[in-house]
Amino acid sequence: MNFFNDCQIPWLAIANNINDLVSLLQHPFMQRAIVGAALMGILGGMLGSFVTLRQLSFFSHAVGHAALVGVALGVLLQINPTWMLLPFTLVFGVIVLYFIDKTDLASDSILSIVLSGALAIGLILTSQIKGYRGNLMAVLFGDILAIDTTDLVLTLLVLVGGSIFLLSTMRQQILLTLNPDVAQVQGVPVQLYRYAFVVLLSLAVAVAIKAVGVLLVNAFLVIPASTAKLMSHHFSHFLAMSVIVGSISSIAGIMVSGLFNLASGPSIVLVQFLLFVAVFIWFKLKLKAA
């Protein structure tokens with residue numbers, strides 16, 4: 001009898017967790033989180049496909065981590081950190097690309113230098129913050145459950161603007177991704193498109209930081225696209241799969257977070273990572289079977 005009761009305990013705990021999750025779904029903050037996760041997943045998947053192919057993963061990583069300066073400034077000046085993140089990441093991304101274009105140093109060297117300087121400034125500013133640091137911690141580690149209507153509107157604006165820009169110039173974007181020199185010869189305004197994409201990427205990083213945090217925002221862009229790349233090598237299919245993986249894994253991460261009472265940002269990235277591992281193993285086994 002005791003053995004039977006012991007076996008029932010885990011199932012009762014899971015049932016209770018499911019009931020708690022159903023109750024959570026009735027709250028507006030959870031509904032906003034799910035909508036935000038879907039929007040950010042689509043945005044991350046769409047931009048991530050270009051980020052991985054153009055080898056800009058380290059660039060988005062640098063922009064995300066350097067955003068610590070914007071977060072710290074927002075807390076020090078008692079301004080919503082989101083409003084400081086947007087202009088700071090935008091300016092930072094453009095300046096980094098300008099340095100890369102105007103020096104003979106390798107892009108990873110420039111990124112490392114600028115990232116180190118920005119992190120140093122961010123840490124110094126953080127040390128000046130007195131008292132409660134809840135806003136800073138939430139942005140550093142992410143809390144998608146705390147996003148409000150303003151965050152959703154900003155994310156939607158970036159998503160709509162980015163979709164219009166990329167889809168209306170898809171042929172040029174693909175050509176620029178595959179061979180910038182050929183794109184230049186064919187009359188594609190390479191520099192304009194490069195800077196426009198960096199602006200879009202920087203804004204996407206800024207709006208995603210509140211959901212997954214400064215420390216994990218790069219994974220939010222890279223993992224879904226990398227997973228999609230394992231499944232398809234045709235660009236249109238790859239782009240569609242990246243968007244689907246990004247949105248579904250983000251929503252699944254929110255569910256896992258609510259079901260097991262875990263931090264939302266890390267839960268989303270953990271689901272994305274596990275999905276990547278599962279797809280990788282599946283295709284490896286499939287390749288061996290063939």
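In this predicted model, helix H2 meets helix H11 through Met 40, Gly 41, Gly 44, Leu 47, Gly 48, Ser 49, Thr 52 and Leu 53 on the H2 side, and through Phe 220, Leu 221, Val 222, Ala 225, Ser 226 and Lys 229 on the H11 side. Sorted by class, this contact comprises seven nonpolar, six polar and one charged residues. H2 spans residues 28–53 and H11 spans residues 217–231; their axes come within 7 Å and cross at roughly 70 degrees. Because angles of 65 to 115 degrees count as roughly perpendicular, H2 is roughly perpendicular to H11.

Leaving aside residues up to four places away in sequence, Leu 47 touches Leu 166, Phe 197, Leu 200, Leu 201, Ala 204 and Leu 221. The largest nonpolar core has 73 residues, among which Leu 43, Leu 47, Phe 92, Ile 144 and Leu 166 touch the most other members. The greatest contribution to this core, 14 residues, comes from helix H10 (residues 190–212).

The model contains seven aromatic pairs. In one of them, the ring centres of Phe 88 and Phe 92 are 6.2 Å apart and the planes lie at 20 degrees, so the pair is stacked. Both residues belong to helix H4 (residues 81–102), where they are four residues apart, about one turn of the helix. Phe 92 is buried, with a relative accessible area of 8%, whereas Phe 88 counts as partly exposed at 22%. Elsewhere, ring pairs join Phe 50, Phe 197, Phe 235 and Phe 238 into a cluster.

Notes: Residues numbered from 1 in each chain as written. Predicted model: local features only at pLDDT ≥ 70, side-chain atom pairs only at ≥ 80, totals over all residues. Heavy atoms only, no water. Core = buried A, V, L, I, M, F, W, Y, C linked by side-chain atoms within 4.5 Å. Buried < 20%, exposed > 50% of the residue type's maximum accessible area, 1.4 Å probe, protein only. Helix = DSSP H or I, 4+ residues; strand = E, 2+ residues; numbered from the N terminus. Contact = heavy atoms within 4.5 Å. Axes fitted to C-alpha atoms, helices over the stretch in contact; angles between N-to-C directions. Parallel < 35°, antiparallel > 145°, perpendicular 65-115°, else oblique. Nonpolar A, V, L, I, M, F, W, Y, C, P; charged D, E, K, R; others polar. Phe/Tyr/Trp six-rings, centres within 6.5 Å; stacked < 30°, edge-to-face > 60°.
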